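Let's read a protein model together, one feature at a time. Take a look before we start.

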Amino acid sequence: MGTKNSLKKYRSKRNFTTTGEPAGRKEGKGRQPIFVIHKHDASSLHYDFRLEIDGVLVSWTVPKGPSTDPREKRLAIMTEDHPLEYADFEGVIPENEYGGGTVLIWDRGNYRNLMNEGDERRSMSQALDQGLLTVWLEGQKLRGGYALTRTTYRSKKDWLLIKMKDEEADARRNPVSTQPKSVKTERTIKEIATEKISAD
Ligand code: MN
């Protein structure tokens with residue numbers, strides 16, 4: 001993950017003449033890394049949590065979406081890296097394409113690598129290898145520390161996404177259900193699906 005050829009799998013699954021999704025190019029330097037959470041209404045509704053690491057979006061599928069309650073552990077299944085421009089993608093993926101369905105930008109913003117702020121400093125790719133990431137999100141819906149930890153229960157692709165205990169933790173909030181709209185266009189999944197266009 002996060003290596004030079006890590007978009008191979010992403011590209012091999014898609015036909016870029018029929019899908020509006022980006023094919024992927026090089027990263028930009030000298031700015032804070034971004035995160036994005038896509039809400040994806042495919043064969044089942046889920047959320048895709050993506051962190052910019054080494055020029056690509058390292059991605060996890062989170063079936064229930066993120067929580068703001070530190071007691072909630074949300075399963076996060078690692079999927080293939082996506083190109084950085086995918087962070088801006090919102091729209092309808094043709095049904096005959098991989099991941100066909102409707103994609104909404106549920107939240108996005110910059111993040112900080114908290115693993116790089118302690119005594120034992122780790123880059124995001126080192127932390128990824130070791131199976132424990134801690135990040136500070138500066139989103140419009142989600143803020144504060146989140147931990148992603150790899151489990152070994154079933155497969156190497158299984159991680160847990162957990163809100164860290166900090167001033168942004170809030171067990172009473174449930175943004176997945178109370179704030180369903182796109183932070184990019186204010187649209188719902190249904191509106192995006194019926195408009196059949198990816199608005200900018
Ligand atoms: Mn998805």
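Q: Which residues is Trp 60 in contact with, leaving aside its neighbours within four places in sequence?
A: Contact means heavy atoms within 4.5 Å. Here Trp 60 is in contact with Tyr 47, Asp 48, Phe 49, Leu 51, Ala 76, Ile 77, Met 78, Thr 79, Leu 128, Leu 133, Leu 148 and Trp 159. Keep in mind that this is a predicted model, where local features need pLDDT of at least 70, side-chain atom pairs count only at pLDDT 80 or more, and totals for chains, interfaces and linings use all residues. Residues are numbered from 1 along each chain as its sequence is written, and side-chain values use heavy atoms, with hydrogens and water left out.

Q: How many residues does the largest nonpolar core have?
A: In soluble globular proteins, nonpolar side chains tend to be buried together. A nonpolar core is a set of buried Ala, Val, Leu, Ile, Met, Phe, Trp, Tyr and Cys residues joined through side-chain atoms within 4.5 Å. Buried means under 20% relative accessible area, exposed over 50%, and partly exposed in between, with a 1.4 Å probe and protein chains only. The largest core here has 31 residues, and those with the most contacts inside it are Phe 49, Leu 51, Trp 60, Leu 133 and Leu 148. Another core, of 11 residues, lies apart from it, with Leu 57, Tyr 86, Phe 89 and Ile 93 among them.

Q: How many helices and strands are there in the chain?
A: Helices (H or I, at least four residues) and strands (E, at least two) are DSSP runs, numbered from the N terminus. The chain has four helices and nine strands, running α-β-β-β-β-β-β-α-β-β-β-α-α from the N terminus on. Its radius of gyration is 16 Å, close to the 16 Å that the globule rule gives for 200 residues, so the chain is as compact as a globular protein of that length. That radius is taken over C-alpha atoms, and the rule is 2.2 Å times the number of residues to the power 0.38. Buried residues make up 49% of the 200 residues.

Q: Which residues coordinate the manganese ion?
A: Donors are N, O and S atoms within 2.8 Å of the metal (3.2 Å for Na, K and Ca); water is not among the atoms, so sites may look incomplete. The manganese ion is coordinated by His 40 (ND1), His 46 (NE2) and Asp 48 (OD), at 2.2 to 2.3 Å. Along the chain, these donors follow the spacing H-x5-H-x1-D. His 40 counts as buried at 8% relative accessibility, and Asp 48 is buried too, at 4%.

Q: Is Arg 50 buried or exposed?
A: Arg 50 has 3% relative accessibility, so it counts as buried. You'll find Arg 50 in strand E2 (residues 45–53). A polar contact is a pair of N or O atoms within 3.5 Å; within protein, one must be able to donate a hydrogen and the other to accept it, and residues adjacent in sequence count only if both atoms are side-chain atoms. One of 3.0 Å joins the side chains of Arg 50 and His 38.

Q: Where is Asp 54, and what is its phi?
A: Asp 54 sits in the loop between E2 and E3. Its phi is positive, about 50°, although Asp 54 is not a glycine. With a relative accessible area of 47%, Asp 54 is partly exposed.
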